[in-house]
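I went through the chain as a whole, then its sheets, a helix pair and a loop residue.

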Amino acid sequence: MASEESLCSEFMDWELDGSSSNGLKQEKQLSVSQRKCYSFCRRKSFAAFVASKKEGSQEEGRTSWCCCGQTFKEHSAVHKHVARTHAAEIQQLTQSAFEHLLRQLEEEPESQQENDRETQPVDISVWIPNTSHISEEQLEKGPGKVLLYYHYCEVDKPHVICAWQKALCERLHLTGKVRVATEGINGTVGGTKVATDMYIDAMCSHPVFKMEKEDFKTSDGGAECFTELRVGVYKEIVPMGVDPEVISYQLAGIHLEPEEFHKEVEALITKGDLCGDTVLLDCRNFYESKIGQFTQCLAPNIRKFSYFPDYVDQNLELFRDKKVLMYCTGGIRCERGSAYLRSKDVCKEVYQLKGGIHKYLEHYPEGFYRGKLFVFDERYTISSNNDIISDCRYCGCPWDRYELCSTQYCCQLVLSCSSCRQDGHTACCPTCQTKGQTKRKASSVGTQHKEECECTDGRPRIPQDAQQ
């Protein structure tokens with residue numbers, strides 16, 4: 001197989017059939033590191049496709065391949081045929097493998113590569129609060145909260161912090177997600193008010209973080225808002241796909257308090273010159289901004305934050321000589337996003353909303369942010385005003401309550417109103433709808449397959465927003 005891969009690599013530079021032009025165009029839109037990954041996936045997909053055509057029987061040590069009713073006895077012949085005739089299939093295999101690889105890089109914790117060095121054991125019990133004076137019922141039952149926080153700082157031993165976080169959350173019966181990296185920590189956890197208060201105290205007293213209570217955003221909820229507790233060590237505490245050593249949070253834009261940001265947006269709306277000298281930029285995903293956003297914002301139609309750098313690269317003229325006001329849910333994406341934008345040296349000034357929309361709504365529940373705030377837990381949204389800015393996917397009536405697509409394995413979110421759901425419209429698009437309404441399988445083992453449908457195929461990976 002190795003020799004076959006090396007032989008097929010020379011054919012990867014061939015101009016494939018025109019049907020793959022969209023894939024080639026997409027590859028050019030990727031960053032340098034992502035292009036390397038894409039090229040790797042293409043070579044693997046090409047080699048796998050060729051290998052699948054190998055004849056089962058081998059006579060006198062000779063190998064042959066059978067494809068499209070033809071028999072090929074030379075590597076070069078079958079590779080040439082596949083490159084020219086099956087470009088579309090290779091492109092589909094490549095795209096699937098590439099998306100799978102990106103999800104792995106973003107979601108899977110880094111392996112513990114500390115076998116090469118001896119590390120002194122650390123007693124994490126000294127950082128676990130004493131709960132002997134509190135009953136288990138107080139930690140498990142009663143009014144609850146969901147915390148959202150992040151803190152950038154130097155973490156020398158992220159795996160020690162990871163172990164402490166896991167032990168701390170288990171002691172306090174908290175659920176949620178915590179990402180630890182050498183650049184800091186990012187988490188959202190839910191539990192009773194007693195438990196979350198103790199968690200905040202533990203974070204504030206830890207010598208590495210030294211956080212303040214104002215660093216935590218809170219909302220109504222509890223442990224039931226998450227299906228489990230996930231704590232891991234990652235390369236980045238927010239997955240932008242750019243090495244933190246290349247683009248550091250220390251290059252972030254100027255932080256504006258909610259009051260200052262409110263005044264800036266007010267002035268922008270009053271002047272009505274969104275694209276004159278100021279851009280109000282939402283750096284969240286499309287499904288977040290779809291149900292809630294600041295008035296007159298620029299909301300990129302991207303599916304994940306790791307696409308944001310490429311979006312910036314391909315829309316630099318939108319930001320040239322402009323003052324940019326950035327915002328996101330809790331502020332963490334703006335830290336890296338503003339740093340990346342500033343690294344392009346095209347903006348006049350880059351500002352970001354300190355504490356994100358979450359903090360803004362605490363000060364201005366009826367301010368310039370209208371609609372719901374998307375959150376990454378079982379609630380999907382929280383609200384501070386009654387505005388509905390999105391529509392039902394099927395009938396077009398005002399609707400902003402997300403549900404998962406009813407088709408088995410599909411992970412897309414769908415806006416389908418109560419009436420349409422009663423009529424059976426519970427899938428994210430007609431393609432999924434025709435596959436039947438299969439109850440979503442709750443699998444706790446293995447990696448779920450993610451179906452591709454109109455929702456993903458019909459959206460450009462990196463949109464280019466026209467200058468107004």
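Predicted model: local features only at pLDDT ≥ 70, side-chain atom pairs only at ≥ 80, totals over all residues.

**Entry 1**

Strand E4 covers residues 175–181, and its pairing with E5 is antiparallel, over seven bridges.

Which other strand pairs with E5 in the antiparallel sense, over nine bridges? I found strand E3, residues 144–152. Two positions went into the notebook here. Leu-148 has Thr-188 of E5 opposite it, and Tyr-152 has Gly-184 of E5 as its bridge partner.

Then I checked burial. How many of the nine residues of strand E5 are buried? The count is nine of the nine, over residues 184–192, so E5 is largely enclosed by the rest of the structure. The cut-off behind this is a relative accessible area under 20% for a buried residue.

**Entry 2. The five-stranded sheet**

I next looked up the sheet that holds these strands. It is an open sheet of five strands in the order E6-E3-E5-E4-E7, and the pairing is mixed. At the edges I found strand E6 (217–220) and strand E7 (229–233); each has a single partner strand, so one side of each is left without a neighbour in the sheet. From one strand to the next, the twist averages 10°.

I then asked which helices pack on this sheet. Helix H13 (residues 332–343) does, touching E3 and E5, and its direction makes about 25° with that of E3. Helix H14 (residues 356–363) also packs on the sheet; it touches E3 and E6, and its direction makes about 70° with that of E6.

**Entry 3. Helices H7 and H8**

I looked up helix H7 (residues 158–171) and helix H8 (residues 193–205). Their axes come within 10 Å and cross at roughly 155°. That makes H7 roughly antiparallel to H8, since an angle over 145 degrees counts as such. I noted the crossing as right-handed.

Which residues of H7 meet H8? I listed Trp-164, Gln-165, Leu-168 and Cys-169 on the H7 side, and Tyr-199, Ala-202 and Met-203 on the H8 side.

**Entry 4. A loop residue, Ile-124**

I picked Ile-124, which lies in the loop between helix H5 (87–107) and helix H6 (136–140). Is Ile-124 buried or partly exposed? Its relative accessible area is 21%, and that makes it partly exposed; the cut-off for buried is under 20%.

I then looked up what Ile-124 touches. Leaving aside residues up to four places away in sequence, the contacts are Val-160, Ala-163, Trp-164 and Ala-167. For Ile-124 and Ala-167 I wrote down both separations: 43 residues in sequence, and 8.5 Å in space from C-alpha to C-alpha.

**Entry 5. The four-stranded sheet**

I looked up a further open sheet, with four strands in the order E8-E12-E11-E9 and parallel pairing. Strand E8 (254–256) and strand E9 (278–282) are its edge strands, and each pairs on one side only. With direction ignored, neighbouring strands of this sheet are turned by 25° against each other on average.

On the E8 side, three bridges join E8 to strand E12 (residues 349–353), and the two run parallel. His-255 stands opposite Gln-352 in E12.

On the E9 side, the partner is strand E11 (residues 323–327), in the parallel sense and over five bridges. Thr-278 has Lys-323 in E11 as its bridge partner.

How many of the five residues of E9 are buried? I found five of the five, so E9 is largely enclosed by the rest of the structure. Thr-278, Leu-280 and Asp-282 point one way from E9, while Val-279 and Leu-281 point the other way.

**Entry 6. The chain as a whole**

Last, I took down the totals. The chain has 17 helices and 17 strands. Of its 468 residues, 48% are buried. Among contacts with a separation of 6 or more, 70% are between residues 24 or more positions apart. The chain exposes about 23500 Å², of which carbon and sulfur atoms supply 47%.

Conventions:
Residues numbered from 1 in each chain as written. Heavy atoms only, no water. Buried < 20%, exposed > 50% of the residue type's maximum accessible area, 1.4 Å probe, protein only. Pairing = 2+ DSSP bridges. Contact = heavy atoms within 4.5 Å. Areas by Shrake-Rupley, 256 points an atom, 1.4 Å probe, with all protein chains shown as cover. Axes fitted to C-alpha atoms, helices over the stretch in contact; angles between N-to-C directions. Parallel < 35°, antiparallel > 145°, perpendicular 65-115°, else oblique. Left-handed = near helix turned anticlockwise from the far one by under 90°.
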